Structure formats: structure tokens, C-alpha cells
Amino acid sequence: MYAIVHERKGAALFQRKFFAGGAVFYDKDKCFYGQKQRWFSVLGLLKFSVLKSYYNAAWKEGVPNNMEGEGRLLGGLFVIGPKNRGVIVEYQEKEFGDVADLDVIKDAVKVIQK
């Protein structure tokens, strides 16, 4: 498993706390984020759903936020199969705190393991 990050700040903590055993790569030029990068607006940070996600992550789950760096670039998730299988699942974050359906990811991993 691999993770791609667009800034170094916080990457080591992410790897240690949430991605043990996986490799984390730094994408300085943000190539992995696509030709059309998806940026969240500053006003979007005031949405109730975003504030709720931040509260759940920061307070309930204990995910620290250093409030430094560029935090508006939206991410996503790919499940990529071996050899010529290509992308099995693609998920693009729509707003902060938005997460992929874990059942869909598990099903994709089962397909790869066959």
C-alpha cells in the first residue's frame, strides 16, 4: 500500500499513526493530483459538515492538526490492481472529511487477492 502526500509537514506522523507498514511518497509537483487539481474554497471551511468532520477527527479520533501548510487541496483514493488490471476503485474527496465507502474498498481488495 502507498500514500501520496503534497507536503512533507505531518507526513511522518500520518505514516506512523495511520499508515504503518505502508510507504508514503512526497509529490512535490502535485502530479498525482491530476492536471486539474481540486481546491476547496476558504468559505467551504465554514460548512457544518466540514466543521463536524474536523471535530470528529481532531477531538474524537485524536488526529492532530498543526494548522500550517496548504490544507485546501482535496485528495482521493485509488485501488489499483496488479499488472494490467488498472484502476478498480477511484474515489475523489468532495469536501474535507469526506471519506470513501470502506465496504467498496474491501470488495476491491478481495478482487485483487483472487
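Analyst: Two strands are said to pair if DSSP finds at least two bridges between them, while helices (H or I, at least four residues) and strands (E, at least two) are DSSP runs, numbered from the N terminus. This is a predicted model, in which local features need pLDDT of at least 70 and side-chain atom pairs count only at pLDDT 80 or more, whereas totals for chains, interfaces and linings use all residues. Residues are numbered from 1 along each chain as its sequence is written, and side-chain values use heavy atoms, with hydrogens and water left out.

User: What makes strand 1 and strand 2 a pair?

Analyst: Strand 1 (residues 2-5) and strand 2 are joined in the parallel sense over 4 bridges, and because at least two bridges are required, they count as paired. Within this pairing, Ala3 has Val24 of strand 2 as its bridge partner.

User: Which elements make the right-handed β-α-β unit, and what does right-handed mean here?

Analyst: The unit is made by strand 1, helix 1 (residues 11-18) and strand 2. A crossover is called right-handed if, with the strands pointing away from the viewer, the path from the first strand over the helix to the second runs clockwise. In the protein as a whole there are 3 helices and 4 strands, and from the N terminus on they run β-α-β-α-β-β-α.

User: Why is Ile4 called partly exposed?

Analyst: Buried means under 20% relative accessible area and exposed over 50%, with partly exposed in between (1.4 Å probe, protein chains only). Ile4, whose place is in strand 1, has a relative accessible area of 29%, and therefore it is partly exposed. Of the 114 residues of the protein, 21% count as buried.

User: How do you know which residues Ile4 touches?

Analyst: Contact means heavy atoms within 4.5 Å, and, not counting residues up to four places away in sequence, Ile4 touches Phe25, Asp27, Phe32 and Tyr33. Ile4 and Tyr33 are 29 residues apart in sequence, with 9.0 Å between their C-alpha atoms.

User: What makes the nonpolar surface patch, and why does Phe32 count as partly exposed?

Analyst: The patch, of about 380 Å², is made by Phe32, Phe78, Ile80 and Val87. Patches consist of residues with over 30% relative accessible area and no salt bridge, where like charges are joined within 9 Å and nonpolar side chains (Val, Leu, Ile, Met, Phe, Trp, Tyr) within 5 Å; a salt bridge is a side-chain nitrogen of Lys or Arg within 4 Å of a carboxyl oxygen of Asp or Glu. Accessible areas come from the Shrake-Rupley method with a 1.4 Å probe, and for residues only the protein chains shown count as cover. Phe32, in the loop between strand 2 (23-26) and helix 2 (48-60), has 47% relative accessibility and so counts as partly exposed.

User: Is Lys83 buried or exposed, and why?

Analyst: Lys83 has a relative accessible area of 83%, and therefore it is exposed.

User: Why does Glu90 count as partly exposed, and which residues does it touch?

Analyst: Glu90, in strand 4, has 48% relative accessibility and therefore counts as partly exposed. Leaving aside residues up to four places away in sequence, Glu90 touches Leu77 and Phe78.
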